[in-house]
Amino acid sequence: MSQLKVKQKQQSSFTYRDFLDLNDVNKAYKSRLAVICHIDVNAFFAQHEQIRLGLTPKDPVVCLQWNSLIAVSYAARDYGIGRMDTLQSAKLKCPNLIVAHTAVFKKGESTWRYLNSIPSPVDHKVSLDPYRRASRKILRIFKSNCDHVEKASVDESFMDFGRLVFKKLLELFPSFLEGLESVDDRLPTLTQEMVDSVALQWKGFVIPKPGETSDEDGERVIDDWDDVLSLIGSNFASDIRQQIVDQLGYTTSAGIGRVKTLAKLASGFKKPNQQTIVRNDAVGPFLKNFKLTDFWSMGGKTGEAIMAKLDIPYSSQGDEIGYIRNHYELKDLYLLFPDDRELATRLYKIIRGELADELQPKIDLKSMGSNKNFRGKSVSSSKDLLPWFEVYVGDLLLRVQELNEENQTHKRPTKLGITFRNKALEVHSKQCTLVPIKDMEELKKKLLQLCADLVKALEDSWTGSNMYPATNCGINIGSFKDIDGFNSLDDLAKNIKKKKRNFEDGTEHASETNKVTTDFKITNNELFESNYVSRKSGSSQLQPVKRSKLKNDIISSLGNMKKLSSSPSSPSRTIDPESTLAKAAASSSVFDVVSSNSNTDTDFLDQPEIDAQDSNGNDATFQTAADEFLCEKCGAKLPLADQVEHQDYHLALSLDSKFKSSERMSYGERLLMNRKLNNSKTKTKTKTKTKTNANNKGQSRLPF
């Protein structure tokens, strides 16, 4: 490309504040000088198979799932092959087509593999794990170059180049900040001499501004510092893409713009293996190539409803975004969407290329699932079904490990659910909670055991048409807890004992009080329940489920401790945690087991926390002290400031004893075990069905 040409302005449109914000990750995306990059791997699945098989980009490759194409390489697209083709029609278009089936799990096996032939869907399940592994390698390259990365999907990511372009511009123009007196002062006027002093060229296709030629090699004028930063960003994007090619072999496409929506559209504008830069003054011409429904969040029914209200004339269909931008101000959109001003504001900004959405670097893992559609009568009993749980659990635990590596966490699921669909398309679900388990092999064993228990519970409570043969079954895990810190309550007790010794030696500081409470809550908030819950058919309401009184008292005690430690001006309170736990242990009705059916898929059900109450339903009251308190448990008289930490000590010891006595098994798990033992005993006896029993078909006996 020829020498960069500067169209000099009298003064810059930007301030030092705009520039300095680029160096703050929390402000950069909102800056008028922001540089956001989106990189997308070209035909990712097909390209992965091409690399795995040692082929070249010129070889026509398709990625197959059973008889459907899920990815088509660009070489295969040249033959007119698309994802809507079947394998047979694709081979007719390209006789030398190379077909690569995805990796698969085999029924009863917890690890995936590639087969030399097309597997049978009857006893195999597709695995996308190879693509997720490749995606993690690409993500590591992104993160090694950029400090703020958002993984948008398995084959695409956003990057905020703010700090990169900030540092690079100061390297290229060392005197850039010399005129800074106020952050609201204008940036230095950009001159031709300044640009000529640096050796930079555009990398990629630069969208022309009004008045510029549309030729790819046409001259692109630099008006202000936003263009310079976009130019620097294009060089960073090109370097990162080349690293991916050199290290992994994948080609990518990239887009650069001020906001995520522009960068996303730009990365798909020139494919494959190219990149597109959208300068701020070229947003209008660039958006002429798209429709409103091409934007994220503007597709589907939302986009259709918006377009119906806007009533764009047919003559403006070629530039509908430009028509909306020129005919609707924000106040007009507020009138058009009076019940959704947020949507109106978003629409106003998105058509102007000003919708500054923040990048989300970490994925908040809430739940994940694995399921399988069954063919014919291949699953006609629990004997046929149970081996599939080896596949589901193996699949999910691999993904948990991957996400933990990706986000540098140690999360484990605390809820498990299964969903089952029979031939009559009736869907029934069961859920339970489990203790967080650090060791993955132990977690696998526990999940398999609970899956078998849930299947048995489904069989016992099934109503309607025959449960088998099944047409679909799957499991979900959720309510993840980060177990980083303490491995067990043993570790917690040791830690608190050590703190007590330090306190007695005079080496512990009062500032550590909150830390003990926080550590305890993180590791033990969900340890005392393995409760079955379900949702009634066609209703969003939960059936009444009694919470574990033991757990409620623990949570209430911890909550009150936390309030005490965070409110030094509030009256001091003393509690006897062990007395509270003793009362809870003596309670005969810990919680109900609800066992009814659901005809819809259900998500995991989060139960609300319950505050401590007395027998009359009022808030529990606590004795107060003036300057010191007397521990009713050990008789120690201690300063009031040390009350919470001392109570933590007794509470941890009591919990540790309670936890050990139950052999790390929650009440719900013991209940399930007792149920299985009782069922095996009753099978040897003669059963007499009464009229009452007939009326109670599908209901479980409540444990009180």
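Val 221 sits in strand E12, which covers residues 221-222. In this predicted model, Val 221 has a relative accessible area of 16%, so it counts as buried, the limit for that label being under 20%. What does Val 221 touch once its neighbours within four places in sequence are left aside? Its contacts are Lys 5, Val 6, Lys 7, Lys 209, Glu 212, Asp 227 and Arg 279. Leu 4 lies 217 residues from Val 221 in sequence, yet the two C-alpha atoms are 7.1 Å apart in space.

Setting aside neighbours within four places in sequence, Ser 127 is in contact with Thr 102, Ala 103, Val 104, Phe 105 and Trp 112. A polar atom of the Ser 127 side chain lies 3.3 Å from the backbone nitrogen of Asp 129. Between the C-alpha atoms of Ser 127 and Val 391 there are 9.8 Å, although 264 residues separate the two along the chain.

**The chain as a whole**

Now for the wider view. The chain has 704 residues, and 49% of them are buried. Its secondary structure comes to 23 helices and 22 strands. Of the contacts between residues at least 6 apart in sequence, 71% join residues at least 24 apart. The accessible surface is about 34,900 Å², and carbon and sulfur atoms account for 48% of that area.

**A sheet of six strands**

One feature to find in the model is an open sheet of six strands, with mixed pairing, in the order E9-E10-E2-E13-E14-E11. Which strands form its edges? They are E9 (149-153) and E11 (205-206), each of which pairs on one side only.

At one end of this order, E9 and E10 make a hairpin with two residues between them. E10 spans residues 156-160, and four bridges join it to E9 in the antiparallel sense. Across this pairing, Glu 150 stands opposite Phe 158, and Ser 153 stands opposite Glu 156. E10 is also joined to strand E2 (residues 36-41), again antiparallel, by five bridges. There, Cys 37 has Met 159 of E10 as its bridge partner.

**Another hairpin**

Strands E3 and E4 also form a hairpin with two residues between them, and Trp 66 in the turn has a positive phi of about 55 degrees. E3 covers residues 61-65 and pairs antiparallel with E4 over four bridges.

| Strand pair | Sense | Bridges |
|---|---|---|
| E9 and E10 | antiparallel | four bridges |
| E2 and E10 | antiparallel | five bridges |
| E3 and E4 | antiparallel | four bridges |

**A helix with two faces**

Helix H11 runs over residues 300-310, and its buried residues are Gly 303, Ile 306 and Leu 310. Seen down the helix axis, the buried residues of H11 fall within an arc of 65 degrees, so they line one face. They pack against three helices: H12 (320-327), H13 (330-336) and H14 (341-350). The face turned away from this buried side carries the exposed residues Lys 301, Glu 304 and Ala 308. Just after H11, Asp 311 takes a positive phi of about 50 degrees.

The average pLDDT of the chain is 77, and 68% of the residues score at least 70. Over residues 507-626, pLDDT stays under 50, and the model has 241 contacts beyond four places in sequence for this stretch. Residues 658-664 are also below 50, with eight contacts beyond near neighbours in sequence. Where pLDDT is low, the predicted coordinates should not be read in detail.

Terms used. Residues are numbered from 1 along each chain as its sequence is written. This is a predicted model: local features need pLDDT of at least 70, side-chain atom pairs count only at pLDDT 80 or more; totals for chains, interfaces and linings use all residues. Side-chain values use heavy atoms; hydrogens and water are left out. Two strands pair if DSSP finds at least two bridges between them. Buried means under 20% relative accessible area, exposed over 50%, partly exposed in between (1.4 Å probe, protein chains only). The arc is that of the directions from the helix axis to the C-beta atoms. Contact means heavy atoms within 4.5 Å. A polar contact is a pair of N or O atoms within 3.5 Å; within protein, one must be able to donate a hydrogen and the other to accept it, and residues adjacent in sequence count only if both atoms are side-chain atoms. pLDDT is the predictor's confidence in each residue, from 0 to 100. Accessible areas come from the Shrake-Rupley method with a 1.4 Å probe; for residues, only the protein chains shown count as cover.
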